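Good morning. I have a few minutes on one structure, so please look at the screen and follow along.

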Amino acid sequence: MQWLRKHLLTIRELSVDEITAALDTAASFKEVSSRQIKKVPALRGKTVVNLFLEPSTRTRVSFELAAKRLSADVINISAPASSITKGETLKDTAKNIEALNADFIILRHSAPGSPKFLADRLNASIINAGDGSHEHPTQALLDVFTIREKLGRIDGLNVMILGDILFSRVARSNIWALTKLGANVTLVGPSTLVPREFEEMGVRISYKLDEELEKADVINLLRIQHERQRKAFFPSIGEYTSVFGLTLKRFQRTKPGVLIMHPGPINRGVEIANEVADGARSVVLEQVTNGLAMRMAVLYLTNNAQVGTRPGATPPEVLPMKEDEPS
Amino acid sequence: MQWLRKHLLTIRELSVDEITAALDTAASFKEVSSRQIKKVPALRGKTVVNLFLEPSTRTRVSFELAAKRLSADVINISAPASSITKGETLKDTAKNIEALNADFIILRHSAPGSPKFLADRLNASIINAGDGSHEHPTQALLDVFTIREKLGRIDGLNVMILGDILFSRVARSNIWALTKLGANVTLVGPSTLVPREFEEMGVRISYKLDEELEKADVINLLRIQHERQRKAFFPSIGEYTSVFGLTLKRFQRTKPGVLIMHPGPINRGVEIANEVADGARSVVLEQVTNGLAMRMAVLYLTNNAQVGTRPGATPPEVLPMKEDEPS
Amino acid sequence: MQWLRKHLLTIRELSVDEITAALDTAASFKEVSSRQIKKVPALRGKTVVNLFLEPSTRTRVSFELAAKRLSADVINISAPASSITKGETLKDTAKNIEALNADFIILRHSAPGSPKFLADRLNASIINAGDGSHEHPTQALLDVFTIREKLGRIDGLNVMILGDILFSRVARSNIWALTKLGANVTLVGPSTLVPREFEEMGVRISYKLDEELEKADVINLLRIQHERQRKAFFPSIGEYTSVFGLTLKRFQRTKPGVLIMHPGPINRGVEIANEVADGARSVVLEQVTNGLAMRMAVLYLTNNAQVGTRPGATPPEVLPMKEDEPS
């Protein structure tokens with residue numbers, strides 16, 4: 001255990017030891033969610049505020065459930081329904097939440113750097129749940145957790161990230177995590193969505209999926225945001241699928257032990273074929289399960305840092321709830 | 001106790017013994033909600049997801065409170081606010097929820113059969129909270145519970161279902177429950193809303209309310225969905241009320257011990273007069289109270305089936321919370 | 001302790017002893033929220049329904065967290081998302097909630113007197129969370145709590161309420177509380193927003209802020225509702241700020257120990273300058289913290305009245321949760 005941070009803002013700033021501490025802790029918490037009574041008292045009496053100023057259900061629910069399984073009290077504040085932000089700066093909104101003695105603010109916001117902005121100004125632990133196209137650290141941690149669990153290691157693996165990378169916080173956080181842990185990362189997609197600038201992050205870029213299929217140990221597909229304006233970036237959905245879609249035919253050319261990953265929600269028949277998404281090498285649903293374990297781990301670790309628990313000494317409190325112990 | 005099902009999908013498939021088990025269990029749980037501390041630890045550490053893909057507040061709140069009084073953790077996901085379903089099939093949405101180790105998915109959905117569709121594909125318990133015009137099983141169970149509690153029996157009673165029956169899942173589930181338990185069911189309403197096809201379900205049909213008033217032991221009114229397009233079905237609201245509204249004058253011709261029921265929300269002055277809705281024979285609010293008890297019972301019974309509790313042996317765990325017992 | 005009421009409807013009807021009981025109880029509960037485990041078991045097994053039929057996030061979250069820190073179960077029902085009210089009267093909605101054995105209904109509603117209307121008809125405790133332009137009692141209680149905490153007393157203090165008073169429930173409730181406790185209250189603002197009728201409540205009125213600055217021990221600013229149609233009331237926002245805004249220059253003329261208060265959210269640069277809002281004399285964020293403590297106190301006191309606890313005998317149950325005690 002080498003985790004001293006009370007915030008989780010980016011993968012970029014994490015050391016290999018810190019990432020490893022998160023992975024190891026998540027492994028303990030994954031077991032908790034498979035119990036009959038899937039709760040531990042680690043965060044009892046703590047207040048977790050889900051401040052989601054961009055629409056999200058999946059990530060919000062994952063964090064909400066993670067907090068509840070740690071016995072915390074959870075408050076959801078979402079943008080469209082929220083008057084809290086009316087005429088208010090983000091800082092004022094967050095200061096008001098902190099004034100309720102909130103211990104954690106889980107922030108989703110369209111502005112890159114907004115979690116760091118809050119962390120510099122508040123006492124509460126800030127957890128970045130996605131800030132614009134900047135980072136989505138818990139997604140990257142759950143992705144590397146899933147790879148390590150399935151393939152036993154990250155170091156030396158060939159990981160392909162495929163698709164709509166330009167504005168993707170998932171891609172950026174994954175690139176940081178994977179390269180720190182020694183993976184060889186290749187970005188694949190149309191040149192309009194995979195600019196050369198990414199090479200500065202230590203990755204390889206390819207615009208020809210068919211030349212890359214046989215090399216990858218892991219293919220992590222990103223969702224094509226076809227709801228948004230993407231006309232400038234590729235001619236049509238059908239065109240995209242024909243050149244960059246992971247069809248069954250393409251899948252058959254991949255390594256036997258390849259992992260197929262996707263942060264969801266998947267566009268069936270667009271970036272991935274049904275047979276591949278539902279096939280034996282797909283770990284899409286395990287990513288969801290692991291995401292919950294990872295979010296429990298992140299809340300647990302940042303809480304310990306917050307209350308000043310001596311690092312390196314405390315094993316995860318994942319003992320079962322006692323019969324007479326409060327939930 | 002003869003309940004082995006981990007899902008509650010329809011009344012149609014339930015045996016008389018199963019319905020009776022639900023009624024008896026609900027009686028125990030009704031008492032819990034009258035306590036100072038109205039909780040029991042039966043579902044502690046379980047996760048209940050309210051997946052309401054059609055708008056609903058009443059049924060959602062009833063299920064949410066039922067789950068909380070059983071000490072479960074509850075997550076609400078509703079359609080308009082939800083991005084979880086964006087570009088996703090229902091199956092993918094539900095699989096994602098299950099991947100969070102949810103124990104229960106309470107589903108409201110516009111598609112008839114959607115709960116069964118999920119039950120065939122998931123490990124979580126699926127509870128049907130209304131699927132299109134198909135079934136609304138907990139509503140029917142709470143209705144027969146209320147009748148049995150008030151009149152001591154179901155067998156042999158004359159039960160009138162009055163109103164907007166054509167697309168009503170409440171009517172369908174009630175017909176199944178009442179006929180299984182031996183009641184004589186009569187459907188009453190305009191012929192456009194009460195088609196002859198219903199006779200195949202073992203009920204009598206009448207288009208003349210005034211000829212039926214004196215026969216009924218129970219009158220269960222359905223809400224006239226006048227927000228929706230109903231012009232094709234009757235000329236006007238005023239016309240409907242004059243022919244099929246339960247006015248005070250009509251009420252005075254009913255049996256002295258008649259029960260007046262309504263699943264709510266009521267349209268005062270449309271399908272029912274104020275004096276009748278608020279009168280001594282109205283059990284509208286008791287239906288709400290009983291609905292909560294019945295939903296606690298259904299969660300309790302399906303949970304026991306899920307964890308493999310030996311049927312026929314376990315009495316409901318409705319002992320009070322101990323002073324030092326977790327909620 | 002002299003609190004016998006099971007409802008909190010208005011400040012107008014409270015005695016000085018009752019207000020004092022609320023202030024003293026809130027002081028105990030404020031300490032609870034500073035603990036590592038910020039919960040007490042006082043309302044375990046109770047059901048609190050937040051029925052917010054006008055949009056609100058701040059007050060809803062404050063009540064929600066107050067109830068959770070007292071270990072109650074909380075259900076949120078908000079207007080726009082709610083079908084519970086479709087075609088239903090407020091009374092029917094509330095009766096339906098009560099039928100779920102709710103112990104508390106926290107009501108925000110646009111109609112003045114609506115909490116009283118419910119209190120006359122329901123058994124549940126009704127807490128007024130803002131009824132039109134009538135009252136907002138918990139806001140006034142938290143405001144006087146903050147003044148008493150900071151300045152040691154209310155009696156004899158000069159309290160200025162500044163701004164958009166005409167339709168303000170915050171102003172009305174504050175006037176009742178402050179005058180009962182012996183403060184000298186002065187209302188300041190444009191004559192269109194501060195009509196002479198307020199003098200009947202025992203306050204002084206002034207239309208010249210610059211003549212009042214040096215007299216005030218407390219300045220409580222109200223939010224200028226510039227989103228709403230206010231054209232009839234003052235020429236422009238800039239005009240308002242130049243005459244009634246609490247600029248840095250004006251602040252420098254106030255007493256050294258003045259308290260600057262605001263119920264939030266603040267319009268920076270409109271009714272208050274940044275330097276003042278964030279300055280050493282501003283207690284805006286402490287009001288938020290105290291609001292939570294006060295709402296815990298109100299729920300606690302009305303609950304005791306509801307269950308018939310002997311008044312004057314019970315100290316607040318603010319002992320820490322025991323290790324083996326349920327949350």
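I will go through chain A first, then the sheet strands in chains B and C, and finally some backbone details.

One caution before that: this is a predicted model.

Chain A contains 11 helices and 9 strands. The chain has 327 residues, and 57% of them count as buried. Now take the contacts in chain A between residues at least 6 apart in sequence: 76% of these join residues at least 24 apart.

Next, a pair of helices. In general, two packed helices are described by the angle between their axes and by the distance between those axes. Here the pair is helix α5 of chain A, residues 137–151, and helix α6 of chain A, residues 169–180. Their axes are 8 Å apart, and the packing angle is about 50°. That angle makes α5(A) oblique to α6(A). Which hand does the crossing of α5(A) and α6(A) have, left or right? It is right-handed.

Which residues of the two helices meet? On the α5(A) side they are P137(A), Q139(A), A140(A), L141(A), D143(A) and V144(A). On the α6(A) side they are V170(A), S173(A), N174(A), W176(A), A177(A) and L178(A). Sorted by type, the residues of this contact come to 8 nonpolar, 3 polar and 1 charged.

Now the strands. As background, strands of a sheet pair through backbone hydrogen bonds, either parallel or antiparallel. Chain B has an open sheet of 4 strands, in the order β2-β1-β3-β4, with parallel pairing. The edge strands of chain B are β2 and β4, the latter covering 125–131, and each of them pairs on one side only. From one strand to the next, the twist averages 15°.

Within that sheet, look at strand β3 of chain B, residues 104–109. This strand runs parallel to β4(B), and 5 bridges join the two. One bridge to find on the screen is that of F104(B), whose partner in β4(B) is S125(B).

In chain C, strand β1, residues 47–52, runs parallel to β2(C), with 6 bridges between them. T47(C) stands opposite D73(C) in β2(C). Is strand β2 of chain C mostly covered or mostly open? It is mostly covered: of its 6 residues, 73–78, 5 are buried.

Last, the backbone. Most residues other than glycine have a negative phi, and most peptide bonds are trans. Here are some exceptions.

N101(A) is not a glycine, yet its phi is positive, about 60°. This residue lies in the loop between α3 and β3 of chain A. Why does N101(A) count as buried? Because it has 22 C-beta neighbours inside 10 Å, and the cut-off for buried is 20 or more.

S71(B) also has a positive phi without being a glycine, at about 70°. Its place is the loop between α2 and β2 of chain B. S71(B) counts as buried because it has 24 C-beta neighbours inside 10 Å.

Then the cis peptide bonds. In chain A, the bond from G264(A) to P265(A) is cis, with omega near -10°. P265(A) sits in the loop between β9 and α10 of chain A. In chain C, G264(C) and P265(C) are joined by a cis peptide bond, with omega about -10°. P265(C) is in the loop between β9, 259–261, and α10, 274–277, of chain C.

That is the end of my part.

Key. Residues are numbered from 1 along each chain as its sequence is written. Chains are lettered from A and ligands numbered from 1 in the order in which they are written. This is a predicted model: local features need pLDDT of at least 70, side-chain atom pairs count only at pLDDT 80 or more; totals for chains, interfaces and linings use all residues. Axes are lines fitted to C-alpha atoms, for helices over the stretch in contact, and angles run from 0 to 180 degrees between N-to-C directions. Angles under 35 degrees count as roughly parallel, over 145 as roughly antiparallel, 65 to 115 as roughly perpendicular and the rest as oblique. A crossing is left-handed if the near helix is turned anticlockwise from the far one by less than a right angle, and right-handed if clockwise. Two residues are in contact if their C-beta atoms, placed from the backbone, lie within 7 Å. Ala, Val, Leu, Ile, Met, Phe, Trp, Tyr, Cys and Pro count as nonpolar, Asp, Glu, Lys and Arg as charged, and the others, Gly among them, as polar. A residue is buried if 20 or more other C-beta atoms lie within 10 Å of its own, exposed if 12 or fewer, and partly exposed in between; C-beta atoms are placed from the backbone. Two strands pair if DSSP finds at least two bridges between them.
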